[in-house]
Amino acid sequence: GVDSPGKVAYIMSRFPKITETFILYEILALEELGIPVEIYPLLREYQAVTHPEAERLVQRAHFHPFISLPILHAQWHFIRRRPLAYLRLWAEVLAGTWGTTNFFLGALGILPKAVRFAYEMERQGVTHVHAHFASHPAVAALIIHRLTGIPFSFTAHGSDLHVERRMLDKKVAAAAFAVTISSYNREVMVQECGEAARDKIHVIHCGVDPTIFSLPSGKKEKGRFEILCVASFEEVKGHKFLVEACRLLRERNINFGCHLVGEGPLRSQIETEIARSSLQDRICLHGAQPRNQIARMLSEADVLALASVPTRNGKREGIPVVLMEAMSSGLPVVATNISGIPELVSSGSTGLLVSPADAVELADALEKLANEAELRDRLGRAAREKVLRDFNLRTNARTLVEFFFRNKPSVEMPANPNGGLETAAGS
């Protein structure tokens, strides 16, 4: 029991979303540190597979429709109490998002709801608001700040930053601070907001729990070389280059199997590619899986491959969390040298990096790992050390909490950052 320095509210676009588990685990890590968190999703996500840990949080999340009597009541509350601030807010958000239909309509849709959030947060005694994603969640946090004065911050990840940067400068200016998950992203933000914003933007990596993603206990049976890819089926993940690389591996008589975990709009397209290359006996699709299942599959694989590519509309990876999960499990990874990925994977020491959209280079890297067990072990060990040092969920959650309450006096944090877990130095 830490004497909590305050109460945090989290805003995210959808909850609980299986591809955004880093938000879920960050909240759980904050609660482990004794920080109470209120959860305010912009939309409720219904999906077939959810993580068991999410269920508990879903029970107490504050879900709201787009319009309701409580939402109307909140508008009237602020119109009466702070009429000027309320009107100025509408003007700022509409002017700031004018010009892109998606962003403008989205902002219109969330504005009344965000006003309701502001009303509830004041009553709950929330002392800091943190939004995940620089897009609509950060707009909602800005609205709450404008109405209540509660300080806010936000984390910018990947396409929320690379595709659409509307109002980014305004959000950074109004925020207590901004976080992003890679130095690459920080430069993108500084370019957009000006050099003066640099000191307000901090790089805090997403992290993984090194006790869940840990080294496998036994040695793997020597059999087929097993390749694992955990990624939603969308263009940015580059599945088609992995399928093509598998075709090349078969031509080169490598004895391998490949496992694709995830769901998404391009799934049937990839299934067609697999059939066209007659790789059904080599490539297996597993659908979406919960975290404990992913951890098990990582412990049984020989390599994790991720063929990320920048998309035509400018969508880019941040630093994919699955790479951290694999590395934390002592698994060598093959990834592409784009965006923030080289900040996690340094080629030849903690994994292998290849050029994006290059199936031949990808196949070469996989073949090299298939043939060299010593290399696999060396990369896997170094990979885990790297994650424990720089991408550790608990350590990074503490850093974030220190920023939340930096300007507030009574921060009492528990002494051991790992809560008694192995430390980077000792493992």
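This is a predicted model: local features need pLDDT of at least 70, side-chain atom pairs count only at pLDDT 80 or more; totals for chains, interfaces and linings use all residues.
Two strands count as paired when DSSP finds at least two bridges between them.

Six strands come together in an open sheet, and their order across it is 2-1-3-4-5-6. The pairing is parallel. Strand 2 (37-44) and strand 6 (201-203) are found at the edges, and each has a single partner strand, so one side of each has no neighbour in the sheet. From one strand to the next, the twist averages 25°.

For a closer look, take strand 1 (residues 8-15) and strand 3 (residues 128-132), which run parallel and are joined by four bridges.

**Aromatic pairs**

The whole structure contains seven aromatic pairs. Two of them are set side by side here.

| Pair | Centre to centre | Angle between planes | Kind |
|---|---|---|---|
| Tyr40 and Phe117 | 4.8 Å | 55° | tilted |
| Phe177 and Phe404 | 6.2 Å | 35° | tilted |

Tyr40 belongs to strand 2 and Phe117 to helix 5, so their pair ties together parts that lie 77 residues apart in sequence. Both Tyr40 and Phe117 are buried.

The pair of Phe177 and Phe404 also links distant parts of the chain. Phe177 sits in strand 5 (residues 177-180) and Phe404 in helix 17 (residues 393-404), 227 residues apart. Phe177 and Phe404 are both buried. These two residues also belong to a cluster, in which ring pairs link Tyr10, Phe177, Phe403, Phe404 and Phe405.

**Two packed helices**

Next, have a look at helix 1 (residues 21-32) and helix 2 (residues 52-60), which pack with their axes 11 Å apart and at an angle of about 80°. Angles of 65 to 115 degrees count as roughly perpendicular, and so helix 1 is roughly perpendicular to helix 2.

Which residues make this contact? From helix 1 come Leu24, Tyr25, Ile27, Leu28 and Glu31, and they meet Glu53, Ala54, Arg56, Leu57 and Arg60 of helix 2.

How values were computed:
Residues are numbered from 1 along each chain as its sequence is written. Side-chain values use heavy atoms; hydrogens and water are left out. Axes are lines fitted to C-alpha atoms, for helices over the stretch in contact, and angles run from 0 to 180 degrees between N-to-C directions. Angles under 35 degrees count as roughly parallel, over 145 as roughly antiparallel, 65 to 115 as roughly perpendicular and the rest as oblique. Contact means heavy atoms within 4.5 Å. Rings of Phe, Tyr and Trp (its six-membered ring) pair if their centres lie within 6.5 Å; planes under 30 degrees apart count as stacked, over 60 as edge-to-face and the rest as tilted. Buried means under 20% relative accessible area, exposed over 50%, partly exposed in between (1.4 Å probe, protein chains only).
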